[in-house]
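Please look over the sequence and the model, and then follow the sections below.

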Amino acid sequence: IVVFLHLVRVFLTGAYKNGVGRGQHREWNWVIGVVMLLVTLFLSFTGYLLPWDQLALWAVTVGTNMMGYTPVLGGQVRFVLLGGAEIGTDTLLRWYVLHVLFFPFVIVIFMAIHFWRVRKDGGISGPL
């Protein structure tokens, strides 16, 4: 919710637009923020399986089936995420590693770049 509210504030105030300073590319910071929103959603989705209950199993079944219908690589991505043809202990292990190691690492890298870009572009103020 906080990430979404932050994106709305930046959008409504126009803080993503370039200012008058040289070398400002605030649009790229907006793109980095959207990527961080997507990673946050993936963190939420991978964490949904971790209780390992009936509701989580059905939610992951529906989500991975939807992913499996995407053209070209959908079936292969679904197979890799499930660790086989159906949900099992390999699925739990893979999603745990994604949730605890991979996505936090990715979001920390993007947060560091995001904060550096904010500092480089002159702070959190909007365009002048």
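## The largest pocket

Helix H1, helix H2 and helix H5, which covers residues 89-120, each supply at least two residues of the lining of the largest pocket, where helices are DSSP runs of H or I with at least four residues, numbered from the N terminus. Among these contributors, H2 gives the most to the lining of the largest pocket, with seven residues. A pocket is here an open set of points on a 1 Å grid over the protein atoms alone, places where a 1.4 Å probe fits, with protein on both sides within 12 Å along at least five of seven lines, and lining residues have an atom within 4 Å of a point.

The space in the largest pocket comes to about 450 Å³, a volume being the space filled by probe spheres set on the points, which are joined across faces, edges and corners. Its lining counts 23 residues, of which His6, Val10, Asn29, His114 and Val118 are the closest to the centre.

## Basis of the model

This is a predicted model, in which local features need pLDDT of at least 70 and side-chain atom pairs count only at pLDDT 80 or more, while totals for chains, interfaces and linings use all residues. Residues are numbered from 1 along each chain as its sequence is written, and side-chain values use heavy atoms, with hydrogens and water left out.

## Aromatic pairs

The structure holds four aromatic pairs, meaning rings of Phe, Tyr and Trp (its six-membered ring) whose centres lie within 6.5 Å, with planes under 30 degrees apart called stacked, over 60 edge-to-face and the rest tilted. One of these pairs is tilted and joins Phe11 and Trp30, at 6.1 Å centre to centre and with 40° between the planes. Because Phe11 lies in H1 (residues 2-13) and Trp30 in H2 (residues 26-49), this pair ties together parts that are 19 residues apart in sequence.

Phe11 is partly exposed at 46% relative accessibility, and Trp30 is likewise partly exposed, at 26%; buried means under 20% relative accessible area, exposed over 50%, and partly exposed in between, for a 1.4 Å probe and protein chains only. Elsewhere, Phe42, Phe102 and Phe103 form one aromatic cluster.

## Loops with positive phi

Most residues other than glycine have a negative phi. Trp52, although not a glycine, has a positive phi of about 60°; this residue lies in the loop between H2 and helix H3 (54-68) and is partly exposed, with a relative accessible area of 34%. Val72, in the loop between H3 and helix H4 (74-82), has a positive phi near 70°, and at 76% relative accessibility Val72 is exposed.

## Helix H4 and the end of the chain

In H4, Gly74, Leu81 and Leu82 are buried. Seen down the axis of H4, these buried residues fall within an arc of 90°, so they line one face of the helix, the arc being that of the directions from the helix axis to the C-beta atoms. The buried residues of H4 pack against H3 and H5, where contact means heavy atoms within 4.5 Å. Just after H4, Gly83 takes a positive phi of about 75°.

Asp121 is found in the segment after H5 and is buried, at 2% relative accessibility.
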